[in-house]
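Please examine the sequence and the structure shown below. The briefing that follows takes its topics one at a time.

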Amino acid sequence: MAGGKIQKKRHGAAGGAGGGGSGRLQGGIPFEKSKGQHILRNPALVDSIVAKAGLKPTDTVLEIGPGTGNLTKRLLEAGVKAVVAVELDPRMVLELNRRFQGHPLSSRLKVATVFRFLVPVIVIQGDVLKCDLPYFDICVANIPYQISSPLTFKLLSHRPIFRCAVIMFQREFAMRLVAQPGDSLYCRLSVNVQLLSRVSHLLKVGRNNFRPPPKVDSSVVRIEPRKPLPPVSFKEWDGLVRICFNRKNKTLGSLFKQKRVLELLEKNYKTMQSLQLTQDAEMGEEKMSADDVALLANMVEDLSMETGDEKEDDEMEMDDADMAGDGAASFKEKIMGILQQGDFAEKRGSKLSQVDFLYLLSLFNKAGIHFS
């Protein structure tokens, strides 16, 4: 599926797979295709997801889109401290209530408004992207795929930092998350998520494990936030990465000769100079904050829909004859000198590692060149 379009779905529903289909819940309630409701029906797969989450008795688990409660039940049986489930569909909330009332686990449960048990299972009815999330140690979720990017970055911006998330994604999206330099699916999404977390692929999940079956395969991914976060301003980081992945298979020397890029960087440079900022404002003194990371929520659409294809644009490289005066030509030479200093001029964004991007950003910032 490399380079293919990621299938989109409406968010906040139970289950998590792309595609249509029809079916009914255990209580006879029809699935809603518009909410992307696809329920995991393979008990062995549910058990495997719970086992790979590495749960502890002291854990509070966040579950997103619990649906009819198949995964919720296994989480409770694992003996965790509490489960917080966020569900948009009120019919599913009622189904969860119906399913767990009188259940043998009921003596171990206590629910805020829906249940009446001893170990908290708190059901929050609402849109996970819009509600404030409570404290949690681990997130375990089988999500509607349209919310993949915004949910990933909302979780990564959550404070306090959680231990890990084990999430079912559309397979192509999952492979973008774990892609390495040189892979066809390596993109801004890969670079940004891996800056903030360690990502590993756990399971490939066929479409027949869901009811009704979706049109695409899925994968389960483990995301572990980095502690501490890298000492870098995310606005600076993403500004650099955007340029490098504008056409990821072009050399950086070509990309940084584009008129639009040079004009942007020169404008930033002059602004910083006018504010009398010096090289002391290098990246090592800028710490990434929760607010900084939260800026990702405004960028997720293009991140989630990126393909392996280069973007076609009309940008032209700026020759010296195109430069308006000696100052502009001198600034271009400054940029090219930075790239050559780090031996980056002939390299491509699609081949650069996290360390490469951090080093390149540090070279620019030390020279007074900023991306935000």
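**Briefing on the structure**

Phenylalanine 256 and phenylalanine 364 are both buried (buried is under 20% relative accessible area, exposed over 50% and partly exposed in between, with a 1.4 Å probe and protein chains only). The model is predicted, and for that reason local features need pLDDT of at least 70 and side-chain atom pairs pLDDT 80 or more, while totals for chains, interfaces and linings use all residues. Residues are numbered from 1 along each chain as its sequence is written, and side-chain values use heavy atoms, with hydrogens and water left out.

**Aromatic rings**

- The whole structure holds 10 aromatic pairs (rings of Phe, Tyr and Trp, the last by its six-membered ring, with centres within 6.5 Å; planes under 30 degrees apart are stacked, over 60 edge-to-face, the rest tilted).
- One of these pairs joins phenylalanine 256 and phenylalanine 364, and this pair is stacked, at 5.3 Å centre to centre with 25° between the planes.
- Helices (H or I, at least four residues) and strands (E, at least two) are DSSP runs, numbered from the N terminus.
- A tilted pair is formed by phenylalanine 344 and tyrosine 359, with 5.9 Å from centre to centre and 50° between the planes.
- Here too the pair links distant parts of the chain, 15 residues apart: phenylalanine 344 is in the loop between α12 (326-341) and α13, whereas tyrosine 359 is in helix α13.
- Phenylalanine 344 counts as buried because its relative accessibility is 1%, whereas tyrosine 359, with a relative accessible area of 38%, is partly exposed.
- Tyr186, Trp237, Phe245 and Phe357 together make up one aromatic cluster.

**Tyrosine 186, a member of the cluster**

- Tyrosine 186 is placed in the loop between α5 (171-178) and α6 (188-196).
- Its relative accessibility is 1%, and tyrosine 186 therefore counts as buried.
- Tyrosine 186 and lysine 351 are 165 residues apart along the chain, and their C-alpha atoms are separated by 8.6 Å.

- Two cavities of 30 Å³ or more are found in a search of the whole structure (a cavity is a set of points, on a 1 Å grid over the protein atoms alone, where a 1.4 Å probe fits but cannot get out; lining residues have an atom within 4 Å of a point).
- The largest cavity has a volume of about 110 Å³, where a volume is the space filled by probe spheres set on grid points joined across faces, edges and corners.
- This cavity is lined by 13 residues, of which Leu40, Gly65, Pro66, Leu71 and Asn142 are the closest to its centre.
- Two or more lining residues come from each of β1 (39-40), β2 (60-64) and α2 (70-77).
- Helix α2 is mostly covered, with seven of its eight residues buried.
- These buried residues are Asn70, Leu71, Thr72, Lys73, Arg74, Leu75 and Leu76.
- Glycine 79 follows α2 and has a positive phi, near 80°.

**Backbone features in loops**

- Arginine 159 and proline 160 are joined by a cis peptide bond, with omega about 0°. Proline 160 lies in the loop between α4 (148-156) and β7 (164-170).
- Another cis peptide bond joins lysine 227 and proline 228, with omega about -5°. The loop that holds proline 228 runs between β10 (218-225) and α7 (234-244).
- Aspartate 343, a residue other than glycine, has a positive phi near 60°.
- Aspartate 343 is in the loop between α12 and α13, and this loop also holds phenylalanine 344.
- Aspartate 343 counts as exposed because its relative accessibility is 56%.

**Two further residues**

- Alanine 44 belongs to helix α1 (residues 43-52). Its relative accessibility is 54%, so alanine 44 counts as exposed.
- The C-alpha atoms of alanine 44 and asparagine 209 are separated by 9.9 Å, although the two residues are 165 residues apart along the chain.
- Glutamate 87 is part of strand β3 (residues 82-87). At 0% relative accessibility, glutamate 87 is classed as buried.

Terms used: On a 1 Å grid over the protein atoms alone, a cavity is a set of points where a 1.4 Å probe fits but cannot get out, and a pocket is an open set with protein on both sides within 12 Å along at least five of seven lines; lining residues have an atom within 4 Å of a point.
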